[in-house]
Amino acid sequence: MELIKRILRVIRANVNSSIASAEDPEKILEQTVLEMQENLVRLRQGVAQAIATQKRTERQAAEANSQTEEWYRRAQLALQKGNEPLAREALTKRQAYKETTTALFSQIEQQNDIVARLKKDMRSLELKISEAKTKKDMYIARARSAEASSRLQEMLGGVSATSSLSAFERMEEKVLQLEAHSVAMSDDKPLRVYAQLGSDDLETQFTSLESTNNVDAELAAMKVQVLNEAENTEHNNLLTEEKQNTAQPPQKQLPKTQDS
């Protein structure tokens, strides 16, 4: 017996897990709001029917009350005419309409309570639907965000740190193999390497000589330029002094006076 209970418990747990995993939050919320709106439509129809029944009962009560007053007037007329049996029948008829009127007004009070309760439930359901729509949008946004985050985590989990390091290690090994192969190829041709090294050394020596000659030539040109600049400066100074002497006017002698 205990074994059967455990088996049933496991089955129920698996079924619940399958149902929970198959549930789409967005679809469930949309369906829930749709069902609430359908209930609101039915509730409005019920309120409309209750109000229509109430109005019909009020008309019936008004008609019964009118008949009550009419049969009372007829009873008075029959009694005035001296017809007491007819007056009695009229009062009996009036009593029946009076009881009907009383019952109808009692029914109207009950219908008023029903209509008021239905209207209250309808307003409460309208508020709940409005809140549900707001929460639905929020929950759908949160569900989509959680789903996107879950997918991202799955993608990141697929690219683990171990696999990434293994890829780098494989590439490093590949590079080392290529370098070793290159060195091996160069070892097979030592004469070419030595010839290349000798050629490089010779080129370096000539390049050094050429660069030294270039420096000497540049230094000589610089000396000539400095000397020319000094001569030009001295010449310009002499020209400036001559211009200044030429530009000064001769001094006029004052005439001699008799006292002198």
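1. Among contacts between residues at least 6 apart in the sequence of the chain, 82% join residues at least 24 apart. Contact here means heavy atoms within 4.5 Å. The model is a predicted one, in which local features need pLDDT of at least 70 and side-chain atom pairs count only at pLDDT 80 or more, while totals for chains, interfaces and linings use all residues. Residues are numbered from 1 along each chain as its sequence is written, and side-chain values use heavy atoms, with hydrogens and water left out.

2. Secondary structure. The chain has five helices and zero strands, so that its elements, read from the N terminus, run α-α-α-α-α. Helices (H or I, at least four residues) and strands (E, at least two) are DSSP runs, numbered from the N terminus.

3. Surface and burial. Accessible areas come from the Shrake-Rupley method with a 1.4 Å probe; for residues, only the protein chains shown count as cover. Of the 260 residues, 10% count as buried. Buried means under 20% relative accessible area, exposed means over 50%, and partly exposed lies in between (1.4 Å probe, protein chains only).

4. Salt bridges of Glu70. The structure contains four salt bridges, each defined as a side-chain nitrogen of Lys or Arg within 4 Å of a carboxyl oxygen of Asp or Glu. Which residue does Glu70 meet at 2.5 Å, N to O? The partner at that distance is Arg73.

5. Glu70 has 25% relative accessibility and so counts as partly exposed. Arg73, at 44%, is partly exposed, and Arg74, at 37%, is also partly exposed.

6. The side chains of Arg88 and Glu84 form another salt bridge, at 3.9 Å, N to O. Is Arg88 buried or exposed? Arg88 counts as exposed because its relative accessibility is 56%. Glu84, at 47%, counts as partly exposed. As for the salt bridges that share partners, they join Glu70, Arg73 and Arg74 into one network.

7. A positive surface patch. Lys55, Lys119, Lys120 and Arg123 form a positive surface patch. Patches are made of residues with over 30% relative accessible area and no salt bridge; like charges are joined within 9 Å, and nonpolar side chains (Val, Leu, Ile, Met, Phe, Trp, Tyr) within 5 Å. Lys and Arg count as positive and Asp and Glu as negative, whereas His and the chain ends are not counted. The place of a charge is taken as NZ of Lys, CZ of Arg, CG of Asp or CD of Glu. Helix α3 supplies the largest share of the positive patch, three residues. Lys120 is located in helix α3 and counts as exposed, with 56% relative accessibility.

8. Ala75. This residue belongs to helix α2. Ala75 has a relative accessibility of 4% and so counts as buried. Which residues does Ala75 touch, not counting residues up to four places away in sequence? They are Ala87, Ala90 and Leu91. The C-alpha atom of Ala75 is 9.4 Å from that of Lys93, which lies 18 residues apart from Ala75 along the chain.

9. Glu30 lies in helix α2 and is partly exposed, at 37% relative accessible area. Neighbours within four places in sequence aside, Glu30 is in contact with Lys136 and Ile140. The C-alpha atoms of Glu30 and Lys133 are separated by 8.8 Å, although the two residues are 103 residues apart along the chain. Glu58 is in helix α2, where it is partly exposed with a relative accessible area of 31%. A C-alpha separation of 9.1 Å is found between Glu58 and Gln107, which are 49 residues apart along the chain.
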